[in-house]
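Colleague: I have a new model open. Can you walk me through the sheet and then the core?

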Amino acid sequence: MINYLKFSLLIITSLFISSCQQEEDLSADVQQSGTLEQLSEKDFSCVYSFVDNNWGPNAFRNNFIINQAHTDFIYDQNRRIAGVFGVPTVPLSFIHDNSSGSTFNALSFSSGRIDFGEDIYRQALSKGLIAPVAILAHEIGHQLQYRYNLPTRQENTARAIELEADGYAGYYLKRPNGYNATWSKAGPAFAFAFDIGDFSTSSPGHHGTPRQRRSATRLGWYLGQYDLSPRNFDNYFFYYYNQYVLPGNLKIADQKRKGLDAEIDAFIESKLVELVKLSTGELSANDFINLD
Ligand SMILES: [Zn+2]
């Protein structure tokens with residue numbers, strides 16, 4: 001029964017992942033799933049999920065995670081991420097389940113809020129406090145996409161959407177006015193996210209391959225050296241994405257995009273070799289963690 005429910009949810013998830021930017025009224029499909037009604041979910045028209053899973057029938061939502069210190073920390077980060085991107089703070093809730101139900105997921109809703117599961121939060125903590133922040137920044141990346149109608153790049157799958165969200169997370173962790181992390185802390189946090197973020201059976205690879213995710217995140221990290229609006233980030237990100245994250249498309253890069261700052265362009269160009277090696281796998285997952 002549980003497997004059947006999961007299967008039907010996965011089908012629904014894959015349906016609206018591919019169509020939700022065009023279609024805003026899929027709530028009827030989703031309400032049939034049953035488990036979501038337990039959470040009175042009425043605004044489920046478009047959502048990007050970290051692992052393509054949802055909550056069990058005994059799940060419940062509140063604004064508390066683990067203890068007051070963790071709660072204060074992550075809500076402070078939530079405000080900070082929004083501040084770095086110049087948007088209002090995104091309402092954030094936590095999902096718990098005291099029965100056997102899994103809360104190993106995080107969801108970003110087009111209605112402008114985020115649900116973060118306790119299980120995924122706790123497991124992320126094994127990579128340090130920074131790891132749940134990396135997941136949250138990825139989900140807020142989806143909020144930027146809803147808000148500004150991004151990404152500008154259209155693909156048949158959610159790959160560009162997910163890789164750009166990874167890029168926003170890399171950007172935030174790097175920003176001096178954001179997390180201001182060192183790579184020795186950020187790298188393992190992202191590696192954790194890539195290990196768990198793509199085990200959907202209904203749409204394998206929809207987050208991009210782990211190699212592409214490493215390249216996209218590192219590109220976002222480098223762009224975090226500069227103060228970019230969400231739209232401007234998109235402009236840079238997809239220019240280099242064509243070149244570096246998807247090396248098969250190198251030829252697209254012959255024409256320079258308008259409006260690229262020469263200093264930023266020169267800096268990112270200087271990272272060409274590394275970004276391409278990440279996306280081709282010549283630099284491994286372990287190499288990724290150990291970058292400077
Ligand atoms: Zn996502």
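Colleague: Which strand pairs with strand 3 in the parallel sense?
Modeller: Strand 5 (residues 113-117) does, over four bridges. Strands are DSSP runs of E with at least two residues, and helices are runs of H or I with at least four, numbered from the N terminus. Two strands pair if DSSP finds at least two bridges between them. This is a predicted model, where local features need pLDDT of at least 70, side-chain atom pairs count only at pLDDT 80 or more, and totals for chains, interfaces and linings use all residues. Residues are numbered from 1 along each chain as its sequence is written, and side-chain values use heavy atoms, without hydrogens and water.

Colleague: What stands opposite Phe94?
Modeller: Phe116 in strand 5.

Colleague: And how does strand 2 run against strand 3?
Modeller: Strand 2 (residues 60-62) is antiparallel to strand 3, with three bridges joining them. Arg61 stands opposite Ile95 there.

Colleague: Is strand 3 covered or open?
Modeller: Mostly covered: five of its five residues (92-96) are buried, meaning under 20% relative accessible area with a 1.4 Å probe, protein chains only. Leu92, Phe94 and His96 point one way, Ser93 and Ile95 the other. In a regular strand the side chains alternate between the two faces of the sheet.

Colleague: New topic. How many residues has the largest nonpolar core?
Modeller: It has 71 residues, and Phe237 is among those with the most contacts inside it. Such a core is a set of buried Ala, Val, Leu, Ile, Met, Phe, Trp, Tyr and Cys residues joined through side-chain atoms within 4.5 Å.

Colleague: Which helix gives the most to this core?
Modeller: Helix 5 (residues 130-148), with ten residues.

Key: Buried means under 20% relative accessible area, exposed over 50%, partly exposed in between (1.4 Å probe, protein chains only).
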